[in-house]
Amino acid sequence: MSIVPRTGLRLRFLSDPGEFLAAAGDHLGADPVISTVVTTIAHRLLSQRAEGIPQPARNWWLVVSDDSGTVVGAGMRSAPYAPYPPFLLPMPDEAAVALAHALHDRGEEVLAVNGALPTVGLCATALARLGGGEVQVSQHTRLHELGELAWPPPVPGGLVAATEDDAGLVTEWLAAFVGDADEQAGRPRGTSAHEAPDHAEVLRRLHAGRLWFWVDETGEPMHLTGANPPSFGVARLGPVYTPPAQRGRGWASNAVAEVSRRIRAEGARVCLFTDQANPTSNKIYAALGYRPVVDMANLVIVR
């Protein structure tokens, strides 16, 4: 626990995602779309722990509260890939700066920060000032929520759930997803830090029934859309991947529309992220009825 002088704000670092959800649940649930990344991952890691999957000791969960004890911000450091960027939700400006000082005092090396603006910018700038370096934007993202679903022009085929028999193709496409997204956004392939899921993680996703192919009239997979299980009543789509040879044919629009419809039918709200540098995906989702909620960024500190 650390207290920010003069403001009365308190920063509390927790190692248990269950304890974090208990402490910050009301705050997270008050705006579950903006909180979607943090709550989805917290619930996922709780499930993995219940399966006996160990969690890295470096992981932490952050609860920011004011002098009355009201939670006013949250974040986490649970990324499984280097440089293990924290992900921050909106919080008071003073808390974002205080977090940088707390991480510096804890001796944590932080070379990237992801999450909501302006919080991530304030935290990253303070970290660079404390440890040296320059803050650069790796990626500007935007979180969208589905309003009224607008159906795209129909294409042949339909949506089918991927199964364990599809693990090889799913693994291949998930591995290609981030690199292809970099290229579509005009960045060098491999710019975005990520870790492709291993075989065990792919199987867990398949068993959860949250990965779907759009197949053509012959049954051949043309596209892959995934979705996270609902958390606080919100399900987040991703990944959304079409191999290069199949792009521009309407597979993605129809798959995302149908997956979105199914999630809505389950009683959940639907959201997704776009890369602001990718005009194709932004155009597709806007046409389907997705509307911007908040801008976020992935920032890096270059020393």
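How many salt bridges does the structure hold? The structure holds 11. By salt bridge I mean a side-chain nitrogen of Lys or Arg within 4 Å of a carboxyl oxygen of Asp or Glu.

Some ground rules. This is a predicted model, where local features need pLDDT of at least 70, side-chain atom pairs count only at pLDDT 80 or more, and totals for chains, interfaces and linings use all residues. Residues are numbered from 1 along each chain as its sequence is written, and side-chain values use heavy atoms, with hydrogens and water left out.

Let me take Glu266 and Arg210. Their side chains form a salt bridge at 3.5 Å, N to O. This pair links distant parts of the chain, 56 residues apart: Glu266 sits in the loop between helix H7 (251-265) and strand S12 (269-275), and Arg210 in the loop between helix H6 (199-207) and strand S9 (211-215). Helices (H or I, at least four residues) and strands (E, at least two) are DSSP runs, numbered from the N terminus.

Is Arg210 buried or exposed? Arg210 is buried, with a relative accessible area of 11%, while Glu266 is partly exposed at 49%. Buried means under 20% relative accessible area, exposed over 50%, and partly exposed in between, using a 1.4 Å probe and protein chains only.

Next, Arg262 and Glu258, whose salt bridge is 2.9 Å, N to O. Both lie in helix H7, 4 residues apart, about one turn of the helix. Arg262 is partly exposed at 30%, and Glu258 is buried at 13%.

Salt bridges with shared partners also join Arg77, Arg106 and Glu108 into one network. Within that, the closest N and O atoms of Glu108 and Arg106 are 2.8 Å apart.
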